[in-house]
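Subject: Handover of a protein structure

Dear colleague,

Please find the sequence and the structure below. I would be grateful if you would look through them before reading the notes that follow.

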Amino acid sequence: MLPGKDRAARRVLLVCMAAGATTLLDQAVLNIAVPGMRESLGAGTADVQWIVAGYSLAFGLALIPGGSLGDLHGRKRFFLVGVAVFLLAGVTAATGGGPGTLIAARLVQGVAAGLVNSQVIGTLQDVFQGQDRGRALGCYAVTAGVASALGPPLGGALVAALGPTTGWRYCLLLSTPCALVTLALAARWLPPPRRTARDSRLDVLGLTLICAGTLALMVPFIRTPDSAGPALGWAALVATLTAGFTAHQRLRIRGGRRPLLHPALTSSRPYVLGTAVAMAQFGASLSSYLVLTVFLQDGLGLSALVTAAVALPSAIAMGVSSGLAWRVVRRIGPRTVSVGLALGVFATLAGAVLALRAPVTALPVAFAVTQALSGVAGGLTVSPNQAQVLQHAPPEAAGVGGGLLQMAQRIAAAVCLSAVSAVYLHIAPTSPRTAYALASCVCAGLLAVALTLSLQRHPGTRPTGTAPRLAEPVPAVGPDPEATCRER
């Protein structure tokens, strides 16, 4: 990067990091407030599922359209609109008087967050090149991961200080000052809008098909178990829409038109497998946080402050391990992701065993230890995996490539949050400890799937110092983002 661009690039990176922290903190901070919110609003199980999983669903649905719009028409205006709508919807959710208002506001807020984050990934890919791009993406991933981990402790402190009936509203307002700062910095520091895609025509039919297919896939999972109804009908609809989308994309390629999903994305084994790894890891992580906070408060009767203290070691451990992950990468390469996932499986299963066997009085301390291990696992997994995946997104599809990755994560989050919480809520009235153990085993199973896919992505290890063949697009994980943040 040219020296004259260093200051402007640092400012762009700061704006993108602020946006990631704002939107992901908002998701994570709500989990610990669910018991108080449910009691205050009289929300039922289905309402809670829509409030928690609906945000991720809307987030995911907005990412691909948002990435395409940014590629075609420039990213800054969509970034600013997204942050402004996110801010207004957050205030509406915090001041809502019933579950319906909160659900609607969270859906709108999710759409806005998706629009913002699709511009973030595209902007980083536009502004940074080569090693600088890997470093910038690393800084962004670390910031987003730490913000997610800090959500439960911050939410617990607010609920403990203000009470459960009021504290959940301030949890929803916690992202407001962050959004205001992000909006002001973005208006001043983001580069002017410019198109990165050559074809200015938006694939409206492709967008419609992929959004409809995603919605059809999600709806059965965010309904209560007794209303799941015709699962085969939903499956048939998803299959039909998927087939239609695939045929439509092939026709556009044959006609020389730009497809919604760039062929370089769907044909890249590292991109596809890395995205699947991110899906399973992200869904398991959010679900385990949610179930833990509900179990500690509703199942064991602990205060929100104690719950926050249990979750705090995870945030600290993730922040430290994220900064050190790239040193591990330099030693063992892409296997770092697999090591992190294996540690995550161990920590989650250990939590399940403790829930069944440990005395109630010892559970908070024991869970704090397992949460610290989970935080280390997340730090070793999230940022290196994201850098590997996005290395394979071409410049003309940078926004769509990043949007597809995050959309896949949000789809997984919506499915897992609903399914895992349903497992817990179904058993919790009779045996909360058994319910938590079973839900944790489901999360451990998801991490095990991610581990299997990660090992398939890198079946062999190249000796240190051996240069890759130029014909092979090797998924570079990038240098140390911690060092980059210091250098910039």
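What pLDDT does the protein average, and what share of the residues score at least 70? The model is a predicted one, and its average pLDDT is 81, with 86% of the residues scoring at least 70. Among the elements, the highest mean pLDDT, 96, belongs to helix H14 (residues 335-357), and the lowest, 42, to helix H18 (residues 481-487). Two stretches call for a separate remark. Residues 224-228 have a pLDDT below 50, and this stretch has five contacts in the model beyond near neighbours in sequence. The pLDDT is also below 50 over residues 460-488, a stretch with 48 contacts in the model beyond near neighbours in sequence.

As to the overall make-up, the protein has 18 helices and zero strands. Of its 488 residues, 56% are buried. Among contacts with a separation of 6 or more, 85% join residues 24 or more positions apart.

The axes of helix H15 (residues 363-390) and helix H17 (residues 432-457) come within 13 Å of each other and cross at roughly 25°. Because angles under 35 degrees count as roughly parallel, H15 is described as roughly parallel to H17. The crossing of H15 with H17 is left-handed. On the H15 side, the contact is made by Leu363, Phe367, Asn385, Gln388 and Val389, and on the H17 side by Arg433, Tyr436 and Arg457.

Is Ala387 buried or exposed? Its relative accessible area is 4%, and because buried means under 20%, Ala387 counts as buried. The C-alpha atom of Ala387 is separated by 9.4 Å from that of Ala136, although the two residues are 251 residues apart along the chain.

In H17 there is Ser440. Ser440 has a relative accessibility of 5% and is therefore counted as buried. Which residues does Ser440 touch, not counting those up to four places away in sequence? Ser440 touches Thr348 and Ala352. Both positions can be looked up in the structure above.

With kind regards

Key. Residues are numbered from 1 along each chain as its sequence is written. This is a predicted model: local features need pLDDT of at least 70, side-chain atom pairs count only at pLDDT 80 or more; totals for chains, interfaces and linings use all residues. Side-chain values use heavy atoms; hydrogens and water are left out. pLDDT is the predictor's confidence in each residue, from 0 to 100. Helices (H or I, at least four residues) and strands (E, at least two) are DSSP runs, numbered from the N terminus. Contact means heavy atoms within 4.5 Å. Axes are lines fitted to C-alpha atoms, for helices over the stretch in contact, and angles run from 0 to 180 degrees between N-to-C directions. Angles under 35 degrees count as roughly parallel, over 145 as roughly antiparallel, 65 to 115 as roughly perpendicular and the rest as oblique. A crossing is left-handed if the near helix is turned anticlockwise from the far one by less than a right angle, and right-handed if clockwise. Buried means under 20% relative accessible area, exposed over 50%, partly exposed in between (1.4 Å probe, protein chains only).
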